[in-house]
Amino acid sequence: MKTLTLASIYEIQGYKHEATEIYKTILQGDPNNAEAKIALRRLMSDRKSYGKADVAMLNLFVQMDSEVEFNEFERWLLQVWS
């Protein structure tokens with residue numbers, strides 16, 4: 001059973017492709033479902049915006065141990081979210 005709850009769980013766990021497919025299925029049955037529309041837009045923009053850069057920044061975030069690395073990560077965040 002494909003529900004918003006299941007799609008949200010997949011999304012939180014990082015299974016973005018599976019979540020995207022569920023949101024698309026929900027919108028096929030209910031094209032006016034606002035929550036599915038918003039979630040699908042969010043997931044589609046995530047794919048376009050970050051690409052492979054988010055993996056590199058995740059690794060940096062997990063392993064950073066200096067102020068220089070922290071500043072680099074902070075600059076990246078400001079660039080992505082502005």
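**Terms and numbering.** A residue is called buried when its relative accessible area is under 20%, exposed when that area is over 50%, and partly exposed in between, judged with a 1.4 Å probe and with protein chains only. The structure shown is a predicted model, in which local features need pLDDT of at least 70 and side-chain atom pairs count only at pLDDT 80 or more, while totals for chains, interfaces and linings use all residues. Residues are numbered from 1 along each chain as its sequence is written, and side-chain values use heavy atoms, with hydrogens and water left out.

View 1. The protein chain contains 5 helices and 0 strands, where helices (H or I, at least four residues) and strands (E, at least two) are DSSP runs numbered from the N terminus. Followed along the sequence, these elements give the pattern α-α-α-α-α. Of the 82 residues in the protein chain, 23% count as buried. The protein chain exposes about 6300 Å², of which carbon and sulfur atoms supply 57%; accessible areas come from the Shrake-Rupley method with a 1.4 Å probe, and for residues only the protein chains shown count as cover. If contact is taken to mean heavy atoms within 4.5 Å, then among the contacts in the protein chain between residues at least 6 apart in sequence, 27% join residues at least 24 apart.

View 2. Helix α2, which covers residues 16-29, has 14 residues and reaches 20 Å from its first C-alpha to its last, close to the 20 Å expected at 1.5 Å a residue; the expected span is 1.5 Å times one less than the number of residues. Within α2, the residues A19, T20, I22, Y23, I26 and L27 are buried. These residues lie on the same side of α2, because they cover an arc of only 165 degrees around the axis, the arc being that of the directions from the helix axis to the C-beta atoms. On the other side of α2, Q28 and G29 are exposed.

**View 3. The largest nonpolar core.** The largest nonpolar core has 10 residues in all, namely A7, A19, I22, Y23, I26, L27, A36, A39, L40 and L43. Both α2 and α3 supply at least two residues each to this core, and the largest share, 5 residues, comes from α2. A nonpolar core is a set of buried Ala, Val, Leu, Ile, Met, Phe, Trp, Tyr and Cys residues joined through side-chain atoms within 4.5 Å.

View 4. When neighbours within four places in sequence are left aside, A19 is in contact with A7, Y10, E11 and L43. L4, which is found in helix α1, is in contact with Y23, I26, N33, E35 and A36 when its own neighbours within four places in sequence are left aside. The C-alpha atoms of L4 and A19 are separated by 8.8 Å, although these residues are 15 residues apart along the chain.

**View 5. The salt bridge between E11 and R42.** A search of the whole structure finds 2 salt bridges, a salt bridge being a side-chain nitrogen of Lys or Arg within 4 Å of a carboxyl oxygen of Asp or Glu. In one of them, the side chains of E11 and R42 meet at 2.8 Å, N to O. E11 lies in helix α1 (residues 4-12) and R42 in helix α3 (residues 34-50), so this pair ties together parts that are 31 residues apart in sequence. E11 is buried, with a relative accessible area of 14%, whereas R42 is partly exposed, with a relative accessible area of 37%.

**View 6. The salt bridge between E21 and K24.** The side chains of E21 and K24 meet in a salt bridge at 3.9 Å, N to O. Both E21 and K24 lie in helix α2, 3 residues apart, which is about one turn of the helix. E21 counts as partly exposed at 32% relative accessibility, and K24 is partly exposed as well, with a relative accessible area of 34%.
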